[in-house]
Amino acid sequence: MSLAPAHVAGAGMVRFGKYPADVTLERMAVGAARTALADAGADLGQVDGLYVGHVFGGPVAGQRVAAQVGLDGKPVSNHENYCASGATAVREAWIALAAGLHDVVLVIGVEKMTDRISGGVRPDPGDLDAAVGYVMAAGHAMSARRYMADHGATREQIAAVAVKNHAHSVHNPFAQYQKPISLEQVLGARQIAEPLGLLDCSPISDGAAAVVLCSPAGLRRLGLSGAVPRVLGVGLVSGAVQTGLGDLNAEDVSRRAGEEAWKLSGVGPDEIDLVEMHDCFTIAEIVRMEGLGLVPHGRGAAWAADGHTALGGRLPVNPSGGLLSRGHPVGATGAAQVCELTWQLRGTAGGRQVDGARTALAYCKGGTVNGTDGGSVTTVVMAR
């Protein structure tokens with residue numbers, strides 16, 4: 001099954017970080033939207049609809065943004081799939097373009113977390129995981145310990161993911177953190193959940209990212225021609241009910257997400273030149289890359305330590321800096337990944353540019369549901 005590609009005519013972000021109360025969710029969303037529209041050369045009258053991904057934005061946040069950006073009266077939809085919210089908004093926009101409902105749409109991912117979240121994000125209060133005090137860091141710490149026991153990986157190899165991604169973010173003007181860190185700093189950081197420390201964890205962040213997506217008719221409406229990066233397919237799967245203890249790091253949900261991506265896009269895993277991976281914790285990048293089949297099983301930590309997933313390596317992962325250092329305003333993350341893939345495929349990513357990038361994948365995993373292997377997972381495949 002294959003739908004028509006959507007072209008990414010424009011991309012824009014506001015720098016991720018921690019902002020004071022007067023920098024509202026709406027203000028950030030409008031800033032990213034205006035940048036993306038200007039990048040596409042689009043005026044408001046050319047936009048058919050607005051898709052907004054957010055988690056903590058409250059009721060009809062998208063309509064509040066639409067009113068401030070000047071798209072009031074247009075079709076607006078809001079999408080909440082936890083960390084996959086922004087990418088889910090991209091998926092729904094891609095489907096609408098393929099169906100012929102619209103020709104030019106604006107997609108925004110946005111989140112204001114610093115004045116709404118205390119400590120780490122948690123499962124829904126009604127979920128059994130929440131009732132027993134589960135937090136995300138604990139789950140990923142168990143994943144790390146299991147991975148080390150099963151595959152002989154070292155703590156240093158897992159920490160190498162943070163060192164790599166912070167090194168990449170030095171070249172990203174939109175990243176929350178833009179300074180390199182050492183392996184010693186990662187290993188010596190305040191412990192959060194053994195064996196993971198503070199620098200193994202993505203931060204609480206505010207930010208917004210936006211893209212203008214077009215059908216071929218939409219490109220003509222905007223007067224655009226030539227090579228414009230394309231969204232070939234956006235897969236969406238949810239966690240499946242598990243029986244028994246199983247393998248904590250089997251990542252069957254990632255395997256299924258990968259299969260969906262390859263089916264919808266017509267691209268295979270051996271054709272991917274770079275990946276924007278949902279590295280909410282260092283170990284998450286490792287096991288999810290393996291689950292997708294992009295890295296050999298049990299070798300992800302070694303690949304990170306050996307430089308294979310760094311810029312210039314076999315398969316660069318998170319040239320943007322990823323969630324660990326670009327930041328993770330949950331509703332904005334998926335849209336930010338699409339922005340990064342757009343710049344990479346245009347060849348305009350500056351010091352973090354992946355040489356010869358032609359085909360790329362972004363992966364987001366959002367939320368937990370007790371008894372399943374995850375909440376929602378999106379995979380976005382793009383090409384130039």
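Arg 64 is partly exposed, with a relative accessible area of 28%. In this predicted model, Arg 64 forms a salt bridge with Glu 26, and their closest N and O atoms are 2.6 Å apart. Arg 64 belongs to helix H2 and Glu 26 to helix H1, so the pair ties together parts that are 38 residues apart in sequence.

**Helix H2 and its cover**

- Glu 26, the partner of Arg 64, counts as buried at 11% relative accessibility.
- Helix H2 spans residues 61-69, and its buried residues are Ala 61, Gly 62, Val 65, Ala 66 and Val 69.
- Viewed down the axis of H2, these buried residues fall within an arc of 140°, so they line one face of the helix.
- The cover over the buried residues of H2 includes helix H1 (25-40) along with strands S2 (49-53), S3 (76-79) and S4 (104-112).

**Salt bridges elsewhere**

- The count of salt bridges comes to 19.
- Arg 255 and Asp 252 meet through their side chains in a salt bridge of 2.6 Å, N to O.
- Both Arg 255 and Asp 252 lie in helix H9 (residues 252-265), three residues apart, which is about one turn of the helix.
- An α-helix has 3.6 residues a turn, so residues three or four places apart point the same way.
- Arg 255 counts as partly exposed at 35% relative accessibility, and Asp 252 likewise counts as partly exposed, at 27%.
- A salt bridge also links Arg 352 with Glu 340, with the closest N and O atoms 3.0 Å apart.
- Arg 352 lies in the loop between helix H13 (333-346) and strand S10 (359-366), while Glu 340 lies in helix H13, so the pair ties together parts that are 12 residues apart in sequence.
- Arg 352 counts as buried at 4% relative accessibility, and Glu 340 is buried with a relative accessible area of 1%.
- Salt bridges that share partners join Asp 252, Arg 255, Arg 256, Glu 259 and Asp 373 into one network.

- Asn 318 sits in the loop between helix H11 (300-305) and helix H12 (322-326).
- Asn 318 is buried, with a relative accessible area of 0%.
- A polar atom of the Asn 318 side chain lies 2.8 Å from the backbone nitrogen of Met 277.
- The side chains of Asn 318 and Glu 285 make a polar contact of 2.9 Å.
- Apart from neighbours within four places in sequence, the residues in contact with Asn 318 include Lys 164, Asn 165, His 168, Val 275 and Asp 279.

Methods. Residues are numbered from 1 along each chain as its sequence is written. This is a predicted model: local features need pLDDT of at least 70, side-chain atom pairs count only at pLDDT 80 or more; totals for chains, interfaces and linings use all residues. Side-chain values use heavy atoms; hydrogens and water are left out. Helices (H or I, at least four residues) and strands (E, at least two) are DSSP runs, numbered from the N terminus. Buried means under 20% relative accessible area, exposed over 50%, partly exposed in between (1.4 Å probe, protein chains only). A polar contact is a pair of N or O atoms within 3.5 Å; within protein, one must be able to donate a hydrogen and the other to accept it, and residues adjacent in sequence count only if both atoms are side-chain atoms. Contact means heavy atoms within 4.5 Å. The arc is that of the directions from the helix axis to the C-beta atoms. A salt bridge is a side-chain nitrogen of Lys or Arg within 4 Å of a carboxyl oxygen of Asp or Glu.
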